[in-house]
Amino acid sequence: MSIQQLHTLEELQQYVAQPGKKLLFKHSTTCPISAKANEEFTAYVQGSETPAAIVHVIEDRPLSNQIAEDFGIKHESPQIFLLEDGEVRWNTSHWKITRDAIKAAVSQ
């Protein structure tokens with residue numbers, strides 16, 4: 001499964017509106033913690049059928065801020081969300097973003 005990079009609010013809304021479970025990862029391209037989380041996220045997605053999208057928080061700051069506002073969850077970076085039917089079912093950030101944590105959340 002490939003990772004879709006989101007740049008616009010319209011792309012975000014279309015992605016969130018898709019039925020079923022999907023992952024949304026907020027990634028800072030300048031942060032070493034985020035780099036490690038991105039490795040874990042990518043490793044999970046490669047072996048998975050779960051749709052996945054990424055937002056680069058520095059390059060697409062307005063979109064990153066909109067995610068925090070839409071879901072009512074304070075912005076952190078890195079940060080991952082499991083979405084289902086337009087709602088956040090699970091989220092975590094920083095070192096807690098691991099392939100095993102993502103797998104556990106998706107399988108619940």
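Which strands and helices are included in what covers the buried residues of α1? The views below start there. This is a predicted model, where local features need pLDDT of at least 70, side-chain atom pairs count only at pLDDT 80 or more, and totals for chains, interfaces and linings use all residues. Residues are numbered from 1 along each chain as its sequence is written, and side-chain values use heavy atoms, with hydrogens and water left out.

View A. Helix α1 spans residues 9–17, and Leu 12, Tyr 15 and Val 16 are buried in it. (Buried means under 20% relative accessible area, exposed over 50%, and partly exposed in between, with a 1.4 Å probe and protein chains only; helices are DSSP runs of H or I with at least four residues, strands are runs of E with at least two, and both are numbered from the N terminus.) These three residues sit on the same side of α1, because they cover an arc of only 95° around the axis, taken from the directions from the helix axis to the C-beta atoms. The cover over the buried residues of α1 includes β1 (3–5), β2, β3 (52–56), α3 (61–71) and β4 (79–84). On the face turned away from the buried side you will find the exposed residues Glu 10, Gln 14 and Ala 17.

**View B. Lys 26, a buried charge in strand β2.** Look for Lys 26 in strand β2, residues 21–27. Lys 26 is buried yet has no salt bridge, and the nearest side chain of opposite charge, Glu 76, is 9.2 Å away. (A salt bridge puts a side-chain nitrogen of Lys or Arg within 4 Å of a carboxyl oxygen of Asp or Glu; Lys and Arg count as positive, Asp and Glu as negative, while His and the chain ends are not counted.) A polar atom of the Lys 26 side chain does lie 3.1 Å from the backbone oxygen of Ser 64. Leaving aside residues up to four places away in sequence, the residues that Lys 26 touches (heavy atoms within 4.5 Å) include Val 55, Ile 67, His 75 and Phe 81.

**View C. Two aromatic pairs.** The structure holds two aromatic pairs. (Rings of Phe, Tyr and Trp, the last by its six-membered ring, pair if their centres lie within 6.5 Å; planes under 30 degrees apart are stacked, over 60 edge-to-face and the rest tilted.) Phe 25 and Phe 41 are stacked, at 4.7 Å centre to centre with 25° between the planes. Phe 25 belongs to strand β2 and Phe 41 to helix α2 (residues 32–46), so this pair ties together parts 16 residues apart in sequence. The pair of Phe 71 and Phe 81 is tilted, because the ring centres are 5.6 Å apart and the planes at 50°.

Conventions. A polar contact is a pair of N or O atoms within 3.5 Å; within protein, one must be able to donate a hydrogen and the other to accept it, and residues adjacent in sequence count only if both atoms are side-chain atoms.
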